[in-house]
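Please read them beside the coordinates.

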Amino acid sequence: MHPHKIGKKSCLIVRAFVDDAATCEVVDVSQVDGKRYILDRRTEDGFFEGIIEDRSEVFQYRLRIERYNAE
């Protein structure tokens with residue numbers, strides 16, 4: 001996760017390589033509700049990326065993945 005700009009607007013960008021994941025989300029562990037941000041699969045081999053437009057400062061997070069074998 002790192003700060004990013006789209007035009008003049010500040011946001012965050014997250015990239016992850018999880019080769020056996022069907023889906024991948026960022027879970028904000030600093031909030032009680034654990035807000036989630038979905039990452040888009042960019043390549044077949046497991047590269048995910050997402051832009052978090054409503055945040056501009058890096059925060060503590062975990063990745064939540066769903067594996068192809070459902071584990």
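1. E49 sits in strand β5, which spans residues 47-52; strands here are DSSP runs of E of at least two residues, helices are runs of H or I of at least four residues, and both are numbered from the N terminus. E49 has 15% relative accessibility and therefore counts as buried. The classes are buried for under 20% relative accessible area, exposed for over 50%, and partly exposed in between (1.4 Å probe, protein chains only). The side chain of E49 makes a polar contact of 3.1 Å with that of R42. A polar contact is a pair of N or O atoms within 3.5 Å; within protein, one must be able to donate a hydrogen and the other to accept it, and residues adjacent in sequence count only if both atoms are side-chain atoms. With neighbours within four places in sequence set aside, E49 is in contact (heavy atoms within 4.5 Å) with I13, V14, R15, L39, D40 and R42.

2. On provenance: this is a predicted model, in which local features need pLDDT of at least 70 and side-chain atom pairs count only at pLDDT 80 or more, while totals for chains, interfaces and linings use all residues. Residues are numbered from 1 along each chain as its sequence is written, and side-chain values use heavy atoms, with hydrogens and water left out.

3. F47 is also placed in strand β5. At 27% relative accessibility, F47 is classed as partly exposed. Beyond its neighbours within four places in sequence, F47 is in contact with R15, A16, F17, D40, R41 and R42. R15, D40 and R42 are likewise among the contacts of E49. F47 and G34 are 13 residues apart along the chain, and their C-alpha atoms are separated by 23 Å.

4. Along the principal axes, the C-alpha atoms fill a box of roughly 40 × 30 × 10 Å. Among contacts between residues at least 6 apart in sequence, 65% join residues at least 24 apart.

5. Of the 71 residues in the protein, 31% are buried. The protein has 12 positive and 14 negative charges, with mean positions 7 Å apart. Lys and Arg count as positive and Asp and Glu as negative, without His and the chain ends. Each charge is placed at NZ of Lys, CZ of Arg, CG of Asp or CD of Glu.

6. C11 is buried, at 2% relative accessibility. C24 is buried as well, with a relative accessible area of 1%.

7. E53 lies in the loop between β5 and β6, the latter covering 61-67. With 49% relative accessibility, E53 counts as partly exposed. E53 and C11 are 42 residues apart in sequence, yet 4.8 Å apart in space, C-alpha to C-alpha. Leaving out neighbours within four places in sequence, the contacts of E53 are K9, S10 and C11.

8. H4 belongs to strand β1, residues 2-6. H4 is partly exposed at 29% relative accessibility. Its contacts, apart from neighbours within four places in sequence, are K9, S10, C11, L12 and I13. From H4 to E25 the C-alpha distance is 18 Å, and the two are 21 residues apart in sequence.

9. D28 is in strand β3, residues 21-28. Is D28 buried or exposed? D28 is buried, with a relative accessible area of 0%. The side chains of D28 and Q31 are joined by a polar contact of 3.4 Å. Not counting residues up to four places away in sequence, D28 touches G34, K35, R55, F59 and Q60.
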